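This report describes selected features of one protein structure, beginning with a helix and moving on to contacts between side chains.

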Amino acid sequence: MPKRTRFTTWRPLATAATAALLATLLTPAAAQAAPRGSEPVHSYEDAIREAVWVDTGLDEDRDGKPDRVAVDIVRPRETARQGRKVPVIMDASPYYSCCGRGNESQKKTYDAQGRVAQMPLYYDNYFVPRGYAFVGVDLAGTNRSDGCVDVGGRSDVQSAKAVVDWLNGRAKAYTTRTGATRAQAGWTNGRTGMIGKSWDGTIANGVAATGVRGLKTIVPISAISSWYDYYFQQGAPLYDSGPEWLSDYVDSPDARAKCAAVQRKLVDGAPRTGDWTPLWSERDYVKAARKVKASVFLVHGMQDLNVRMKHVGPWWNALAKNGVERKIWLSQTGHVDPFDFRRGAWVETLHRWFDHALMGIDNGIDREPMADIERAPGQWDTSRVWPPSGTRTATLRPDRGTQAGVGTLGLHRGHGTASFTDDPKQSETDWAAQIDKPTPEKAGFTTRMLTRDLRVSGSSEVTVTATPSTPTAHLSAVLVDLGPATIRDYADAGEGITTLTDRTCWGASTTADSSCFKETKAKTADVDYTVVSRGWADLGNHASDHKGSPLTPGKRYTITLDLAATDHVVPKGHRLALIVAGTDQGLIDPPADKPKLTLDLSRTSARVPFTGGATAFARATTGAATATPGATFLDGVREPRTTHRVPEASQ
């Protein structure tokens, strides 16, 4: 684990009044030693509301004029009168008019003068009274902006980066979309924090990866770190369409009329073969992590099957390698905002994070545990660093069991073979439900029953040596916790939450913009097993993650599948299982053929990060009883499904 870099406390010459945080947002223990924080001393109703159009320096819509992006601003009037400069919280989004933001799908609304009346979400309601400006940016090609949506590429990222530059005096803006009257940002000190869920958070990642000056922190929620990994994993297609579908989904009518050339580039640059192209290089923020200067507060659902956990591990590790100040929350939910699964703690933590990063308040948040992990619905643990100290990789080996088709998983090299036939109608839930029963569509391997808890923390790898019967084959590898538990029902429509009718309020309101939002509660399921981590690959990518090739039937190939990062405790009395199969129905698309694959168990293994490493695994499995294979059918959540081709809301 690289040495952690702490914030340098920054103290402005003049700031908003600071005092203890509201006791209603703190536990009694925290309230006794409440750190200083910005207070709601400014009027939200009287806030300045204005719009400017920032010149991006691009002409993606090819109309002969530089593209301008619309920037809606809400900022305190009192600080403007006093000549005090304020920091900025910014959410750059393609969804402000087409689809809406948050659990209630709010859209921007405007008054008769074209000034924003309702800004979606609670950020402006809560933070503007506390001395921040809030800025909502329409990405190029959406809502009131010029240009074209290019799905995480240069136009998307520059849409938001140009605004950070303008806030810091390095770019031009105008008071209207087509006029020549310049707009200045003299009201801000330039210190900017970006936040957003899904595509919005993805843009925050992309802008941070440019190293732009003035961007002090980002809070990416359920965000993409490499767009290739949104559409493919190691050549295996995750969706039946590419980025051109997504661009068309959010384009404004004006952009649809002008952006055919950009659409064609998206089609040509993202072939359904799954091969890596320059288009994906442009949209890979992980490779540019060395440029990131902003701190990062990352939030993700460990059961997010839209923007999958594959986007967490490589990005987090790259940030760590480059000494970026980091914090992370990992929930049991799917694609859900923390405002909807841990509301009070989230708002209080986010408040302190922005106070520290943007107002320079030394509230101690940089010295607190790095990670919050949800262990059961609403039950959270912390880790000083993440993955925790003492986490080491253990190499687990699958082997044949006493019954054909029901294998074992341990530390000793296996022998023999195991075979399965791809069934595109089967999913990980079907495989896990019959883990102790021979079935033709999977190869399953389980440990002995654990005699002590075993924590998996980080990213795993599964190396498979397989002989296919056809020229095409897809592979899935799944780690499963076998044992009863109550978990968030991430396969439900709410992806782990139920939306209620009662509302709670987070900040000030106006008649046009309420700070009151529907409450939620955990949607739970009682299960006999829990999927811990997943990974997929096209076996044709055995020689390269970036390029596939046809297979020779009957020839043996070796490939390593990357499994997504996670943090899960397999309790005493449970078992850990490894399943290797073909198409994971609903999560990857099937190959052209329906191959039979034969695994060479002596050359197949899983590298799994355990707290305590191989020693902890050995202690947890030594002397334990083995399971007696039988016909028992295990209950889990319903079959996973690719609910979205859109990195957006779950509801």
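The expected span of a helix is 1.5 Å multiplied by one less than its number of residues. The structure discussed here is a predicted model. Its helix α4 covers residues 154-167, which makes 14 residues. From the first C-alpha to the last, α4 reaches 20 Å, close to the 20 Å expected at 1.5 Å a residue. The helix is mostly covered, with 13 of its 14 residues buried. After α4 comes G169, whose phi is positive, near 80°.

**Two helices in contact**

Helix α7 (residues 243-250) packs against helix α9 (residues 260-269) at an angle of about 155°, and their axes are 8 Å apart. Angles over 145 degrees count as roughly antiparallel, and α7 and α9 are therefore roughly antiparallel to each other. On the α7 side, the contact is made by P243, E244, S247 and D248. On the α9 side, Q263, L266 and V267 take part.

**Aromatic pairs**

The structure holds 29 aromatic pairs. Two of them are set out below.

| Pair | Distance between ring centres | Angle between planes | Arrangement |
|---|---|---|---|
| Y123 and F134 | 5.9 Å | 35° | tilted |
| F339 and W506 | 6.2 Å | 80° | edge-to-face |

Y123 counts as buried at 2% relative accessibility, and F134 is buried with a relative accessible area of 2%.

The planes of F339 and W506 stand at 80°, so this pair is edge-to-face. F339 lies in the loop between β15 (326-331) and α12 (343-359), while W506 lies in the loop between β25 (497-505) and β26 (516-522); the pair therefore ties together parts that are 167 residues apart in sequence. Both F339 and W506 are buried.

Ring pairs can also join into a cluster, as they do for Y95, W199, W227, Y228, Y230, Y231, F232, Y239, W276 and W280.

**Charges over rings**

Which residue lies over the face of Y239? It is R308, at 5.7 Å from the ring centre. Y239 is also one of the members of the aromatic cluster. In another such arrangement, R342 lies over the face of W329, at 4.5 Å from the ring centre.

Key
Residues numbered from 1 in each chain as written. Predicted model: local features only at pLDDT ≥ 70, side-chain atom pairs only at ≥ 80, totals over all residues. Heavy atoms only, no water. Phe/Tyr/Trp six-rings, centres within 6.5 Å; stacked < 30°, edge-to-face > 60°. Buried < 20%, exposed > 50% of the residue type's maximum accessible area, 1.4 Å probe, protein only. Helix = DSSP H or I, 4+ residues; strand = E, 2+ residues; numbered from the N terminus. Lys NZ or Arg CZ within 6 Å of the ring centre and 35° of its normal. Axes fitted to C-alpha atoms, helices over the stretch in contact; angles between N-to-C directions. Parallel < 35°, antiparallel > 145°, perpendicular 65-115°, else oblique. Contact = heavy atoms within 4.5 Å.
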